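Welcome! Please take a moment with the sequence and the model shown here before reading on.

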Amino acid sequence: MKTKDLVSVAMMTTLLVALSYVPAIPLGFIPVPIVLQNLGVMLAGCLLGGKKGSLSVLLLFLVGLVIPAFSGFSTTIKVLIGPTAGYVWAWLFVPLLISWGVTHLPKGGALARFIVIWLAGVFLVDLLGGLYLAFYTGMPLFTAVVSSSLAFIPGDTIKVLVATLVSLRFHKISEK
């Protein structure tokens with residue numbers, strides 16, 4: 001890896017940590033709040049690509065062993081053994097899937113890019129998160145997956161829109 005790549009990974013990890021300090025919104029009916037950090041994970045995939053984006057998430061996990069790097073001033077151990085574990089583990093795969101999907105798109109396909117980011121950053125995360133939440137809480141599988149998905153989809157879709165617009169602008173600038 002080049003120095004530029006290492007700096008990019010470190011900067012994205014810094015953004016992920018910074019987003020953790022935006023207060024989470026508790027839902028009350030499930031023990032998983034709405035957070036802004038997953039927008040950073042989507043941006044990691046859009047701006048850094050799969051390997052570097054996932055590396056920035058992995059670095060977040062390592063930083064979180066030492067300082068509270070997750071929403072609610074949580075550390076890695078707490079989030080990976082609590083009700084949010086399925087969602088957070090899914091973050092490792094989001095940049096890889098976004099990168100893979102985006103590389104198979106025609107140039108300039110904003111809607112297709114949006115769909116790829118949504119499938120990786122929302123559908124996959126909510127599915128894995130809901131599955132683990134059902135296991136963790138003992139909730140019926142359907143209830144856990146559907147209730148968590150319905151709660152997160154509107155806000156996460158807005159985050160996907162932001163990630164799509166930022167990535168389109170970023171790639172337009174980097175092509176010049």
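This is a predicted model: local features need pLDDT of at least 70, side-chain atom pairs count only at pLDDT 80 or more; totals for chains, interfaces and linings use all residues.

Residues are numbered from 1 along each chain as its sequence is written, and side-chain values use heavy atoms, leaving out hydrogens and water.

## How the helices pack

Let us start with helix α1 (residues 3-20) and helix α2 (residues 37-48), whose axes come within 8 Å and cross at roughly 165 degrees. Helices here are DSSP runs (H or I, at least four residues), numbered from the N terminus. Axes are lines fitted to C-alpha atoms over the stretch in contact, and angles run from 0 to 180 degrees between N-to-C directions. The pair α1 and α2 is therefore roughly antiparallel; that word covers angles over 145 degrees, while under 35 is roughly parallel, 65 to 115 roughly perpendicular and the rest oblique.

Where do α1 and α2 meet? From α1 come Ser8, Val9, Met12, Leu15, Leu16, Leu19 and Ser20, and from α2 come Gln37, Gly40, Val41, Leu43, Ala44, Leu47 and Leu48. Contact means heavy atoms within 4.5 Å. By class, the contact of α1 with α2 has 10 nonpolar, four polar and no charged residues. In this sorting Ala, Val, Leu, Ile, Met, Phe, Trp, Tyr, Cys and Pro are nonpolar, Asp, Glu, Lys and Arg are charged, and the others, Gly among them, are polar.

Helix α1 also packs on α3, at an angle of about 55 degrees and with the axes 8 Å apart, so α1 and α3 are oblique to each other. On the α1 side, Asp5, Val9, Ala10, Met12, Thr13, Leu16 and Val17 take part, and they meet Lys52, Leu55, Ser56, Val57, Leu59, Leu60 and Val63 of α3. The contact of α1 with α3 has 10 nonpolar, two polar and two charged residues.

Helix α2 has a further partner in α6: their axes come within 8 Å and cross at roughly 40 degrees, and α2 and α6 are therefore oblique. Val41, Met42, Ala44, Gly45 and Cys46 of α2 make this contact with Val94, Pro95, Ile98 and Ser99 of α6. The residues of the contact of α2 with α6 divide into seven nonpolar, two polar and no charged.

## The nonpolar core

Which residues have the most contacts inside the largest nonpolar core? They are Phe70, Trp91 and Ile98, in a core of 37 residues. Such a core is a set of buried Ala, Val, Leu, Ile, Met, Phe, Trp, Tyr and Cys residues joined through side-chain atoms within 4.5 Å. At least two residues of this core come from each of α1, α2, α3 (50-63), α4 (76-81), α5 (85-91), α6 (94-103), α7 (110-137) and α8 (141-175).

Not counting residues up to four places away in sequence, Ile98 touches Met42, Gly45, Cys46, Val116, Ile117 and Ala120. Alanine 120 is found in α7. With residues up to four places away again not counted, alanine 120 touches Val94, Leu97, Ile98 and Val125. Alanine 120 and glycine 101 are 19 residues apart in sequence, yet 8.8 Å apart in space, C-alpha to C-alpha.

## Some residues, from buried to exposed

Buried means under 20% relative accessible area, exposed over 50%, and partly exposed in between (1.4 Å probe, protein chains only).

| Residue | Relative accessible area | Class |
|---|---|---|
| Alanine 120 | 4% | buried |
| Arginine 113 | 13% | buried |
| Threonine 75 | 28% | partly exposed |
| Phenylalanine 73 | 59% | exposed |

Arginine 113 is found in α7. Leaving aside neighbours within four places in sequence, arginine 113 is in contact with Val102, Leu105, Thr164, Ser167, Leu168 and His171.

Threonine 75 sits in the loop between α3 and α4. Beyond residues up to four places away, threonine 75 touches Gly64, Ile67, Pro68 and Phe70. Threonine 75 and phenylalanine 61 are 14 residues apart in sequence and 8.3 Å apart in space, C-alpha to C-alpha. Phenylalanine 73 lies in the loop between α3 and α4 and has a positive phi of about 55 degrees although it is not a glycine.
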